[in-house]
Amino acid sequence: MTKFVYLFNEGNTTMKELLGGKGANLAEMTNIGLPVPFGFTISTEACNSYYDNGKAISSEVKEQILKALSELENKSGKKLGDPSNPLLVSVRSGAVFSMPGMMDTILNLGMNAETVVGMAKLTNNPRFAYDSYRRFIQMFSDVVLGVDTFYFEQFLEETREQKGYKHDPEMTAEDWMEVIEGYKKIVQKHTKQAFPEDPEQQLFLAVNAVFDSWNNQRAKVYRRLNRIPDHLGTAVNIQSMVFGNMGEDSGTGVAFTRNPSTGEHKLYGEYLINAQGEDVVAGIRTPEPIQTLEKDMPAVFKQFTDTCKRLETHYLDMQDIEFTVERGKLYILQTRNGKRTAQAAIRIAVEMEKEGIIDKQTALMRVDPEQLDQLLHRRIDDTHVRKQLAKGLPASPGAATGEVVFDADEAEQLASEGVKVILVRPETTPDDIHGIVASQAIVTSRGGMTSHAAVVARGMGKACICGCDALKIDLKEKQFKVGEVVVKHRETITIDGSTGEIMLGEIPMIEPELSKEFRTLLQWADELRDLGVRANADNPEDARKALEFGAGGIGLCRTEHMFMDAKRVPFVQRMILAETVTEREEALSHLLPMQQEDFEGIFEAMEGHPVTIRLLDPPLHEFLPDKEELLVDVTKLQILEPNSPELAEKEALLKKVRQLDEFNPMLGHRGCRLGMIHPEIYGMQAKAIFYAVATIMNKGLPVKPEIMIPLVGHVNELRQMRQLVIDTARDVEQETGLTFTYTVGTMIEIPRAALTADEIAEEADFFSFGTNDLTQTTFGYSRDDAEGKFLQTYIEEKVLPDNPFAVLDQGGVGKLVEMGVQLGRKTKPELKTGICGEHGGEKLSIDFCYKTGLDYVSCSPYRVPLARLAAAQATIRNQETKEPVTN
């Protein structure tokens, strides 16, 4: 027979999957001798049995519940429903993973018109008894019967006002009797049935409600957000009641063993004299700081502080503890690892290591890498009450306030005058780069988490929200609408890139501050990790920021971003519009010194660390004006100024744009295909790189260039482009009299490259997996369209577990990465491999990279600390099953 129900003394902390987090902790505390009110746990398996049985408790489970209840009655000397000596219990849910808000607690179950009289006699305190009864009716009706608590609160408030009271403790036993009658009428009105009086019926209805709560909408959303599997189910904890509302020698409270906001090693919490648990959080009465308990009940306070130390030492973590004092006796109702801010998590982990409670590896595993984002960006002050206007995708963390502008040129102009602006666009293109640089933040109504705006903003550490389709942007009128709200040009908004929220007006911010504990933790991470961490950086500023955050080099320098400067665009367009190689080379001759200057700045900033430079990747049309806008301009000029020189110029430009127009530019003439058809473009870039290398070498500084050929699908493409780089290097060596040390590799970003990696490795010194494009080409998704149209639905309906552009798809894309590494190293065992897509800064993907044997991950500068910690955690997590990777 399957055991579904466990008394607290039958469990322990290792049984979390069966008893839930709360049940396992109650069992553990019981076994180590703490004063825990006795009870039993109905297991998660019983919950799954409930659903398998058509949402009904089976006879087998019911029998075990009644047997456990009998044991509880024997141990307590009380009986459920006994008018002379009633047992009252609390009913609480308890999932495997903490799911706050999934279901409210039910207290005082077992009360009815008879047992309330018995309680009044036993305690010689009728007021307490009837107060407990009215609390039970309200909670039970809300959680089990579905009657909104609002009706009860409204009735209670009206009763208090009629009697001239301000607070509940002023109510007499007779007053509570009146309230109880009113409550029962509310139940009758809303459910068409009388409030259930039979305690056994109450118990099973409550258990049903807890099981049902596992699949309520709140719980489903919470599980999806926190990646909690649906099949786990929830446990139910039935525990004998203790009462904090029995007089001035009783009370209840919640405390953390350390400050959950700052991490300070000091008891943090609050309590109320003569109150039950929900009073502390309901806001009806103002709780006292936990320290004042020492004055009110010194002996209880000492016992409680000793218990806190014992629990923290036992669980090796900061604890969140619920307690009740009944007539001077302390009871511990619950303990769990306390939730904390990122700042507190780091301080607690480091200080606990210093105190000898945990070791460095445990300290490193205690901090969620994703939390570090909070510490590297400005954030909205938590004390501010948010009024959300709209919500989009949280594309890049941080918060910002600024005046709304809709044009990149205006953003740049206003920023130069000292105005803080937020650039709002339907979507951004490389043409908007100067506006993005100038803005405090970026908001788009289209595009996803890996759209142009998102990628660029993350690289710069700027807040960004994408795909906010609630914004109806009118570029002509310079305004956007959200429902009936109109936000006009240069009105102020605040955005939170960590949550995707847009709010009206200016909101107080908290500036980032890196504590000494933060630096200590990352130092420990570097000592332990076996996976290198680099940064994606396209300019000296980002390179310096990457180095400051601990990057070991640059894993991706996108040269196309260098072409977007307003001074360069005319030469880039001349290069594209050139009809002959000579004309193109003439335009390139102007770009060469600019590119050289870029590379010199990056090499110098990186102080000898490796720099992987990707040659031009995007299709050429991205550097030209929008076709539709050009068509409008040409049509206007044909009507208004048919003989103007501007018309001829724009007609020629439109013709070229049409020539370059592609049905699917992401799979068109881009990447190495550009170099194959126009080798002079890649030749110019290679020459600029080697001229920059020569300049840095002549300064006596170290330099490690790695030249990456993008979008290779066939070894012949890489062979030809590699030779172009080698020939260029040789020419510059002869010109300068220097000898260069460099490598040439490729970006693996289309499936064929992974499938033929053994052949491609013959011509490559390194592979860098571009998992953004590899995900697109493997799934056949256009990432911006997918994220805007159907991906969210796929995730909600569990077609996909995660957005594959945010979390690496290990079952498909990951297999291609594994294959690429294995085949490449079969040909060239010393082949260096890394990843430079957005996945390089995501913790689950980093763990996969470690297990796959990559040498490094590369991510935006602001995610480097996250990657360093995640890489250390991957090493710790997998060290028993895998040999360390050589950096």
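I count two strands as paired if DSSP finds at least two bridges between them. The model I am reading is predicted.

**Barrel.** I looked up the closed sheet first. Eight strands form a barrel, and I followed them in the order β24-β25-β26-β27-β28-β29-β30-β31, with parallel pairing.

**Open sheet.** Next I turned to the sheet of five strands, which is open, antiparallel and ordered β1-β2-β5-β3-β4. Which strands stand at its edges? I found β1 (5-7) and β4 (106-109) there; each has a single partner strand, so one side of each lacks a neighbour in the sheet. The neighbouring strands here are turned by 25° on average, again with direction ignored. The partner of β4 that I checked is β3 (residues 89-95), paired in the antiparallel sense over two bridges. Valine 91 has isoleucine 106 in β4 as its bridge partner. I also noted that α8 packs on this sheet and touches β2 (39-42), β3, β4 and β5 (234-240). The direction of α8 makes about 150° with that of β5.

**Helix pair.** I then looked at α8 (residues 199-213) against α2 (residues 44-52): the axes are 10 Å apart and the packing angle is about 85°. Angles of 65 to 115 degrees count as roughly perpendicular, so I recorded α2 as roughly perpendicular to α8. From α2, the contact uses Ala46, Cys47, Tyr50 and Tyr51; from α8, it uses Asn208, Phe211 and Asp212. I sorted these contact residues into five nonpolar, one polar and one charged.

**Hairpin.** I looked up β9 (residues 319-326) and β10 (residues 329-337), which pair in the antiparallel sense over eight bridges. Phenylalanine 323 is bridged to isoleucine 332 in β10. Two residues lie between the strands of this hairpin, and arginine 327 in the turn has a positive phi of about 50°.

Last, I examined the second largest pocket, which holds about 710 Å³ of space. It is lined by 27 residues, and those closest to its centre are Val437, Asp538, Asn539, Glu541 and His561. The elements giving two or more residues to this lining are α17 (433-438), α18 (452-460), α20 (540-548) and α22 (581-606). How does the lining of the second largest pocket divide into nonpolar, polar and charged residues? I noted 11 nonpolar, six polar and 10 charged.

Methods
Residues are numbered from 1 along each chain as its sequence is written. This is a predicted model: local features need pLDDT of at least 70, side-chain atom pairs count only at pLDDT 80 or more; totals for chains, interfaces and linings use all residues. Side-chain values use heavy atoms; hydrogens and water are left out. Helices (H or I, at least four residues) and strands (E, at least two) are DSSP runs, numbered from the N terminus. Axes are lines fitted to C-alpha atoms, for helices over the stretch in contact, and angles run from 0 to 180 degrees between N-to-C directions. Angles under 35 degrees count as roughly parallel, over 145 as roughly antiparallel, 65 to 115 as roughly perpendicular and the rest as oblique. Contact means heavy atoms within 4.5 Å. Ala, Val, Leu, Ile, Met, Phe, Trp, Tyr, Cys and Pro count as nonpolar, Asp, Glu, Lys and Arg as charged, and the others, Gly among them, as polar. On a 1 Å grid over the protein atoms alone, a cavity is a set of points where a 1.4 Å probe fits but cannot get out, and a pocket is an open set with protein on both sides within 12 Å along at least five of seven lines; lining residues have an atom within 4 Å of a point. Grid points are joined across faces, edges and corners, and a volume is the space filled by probe spheres set on the points.
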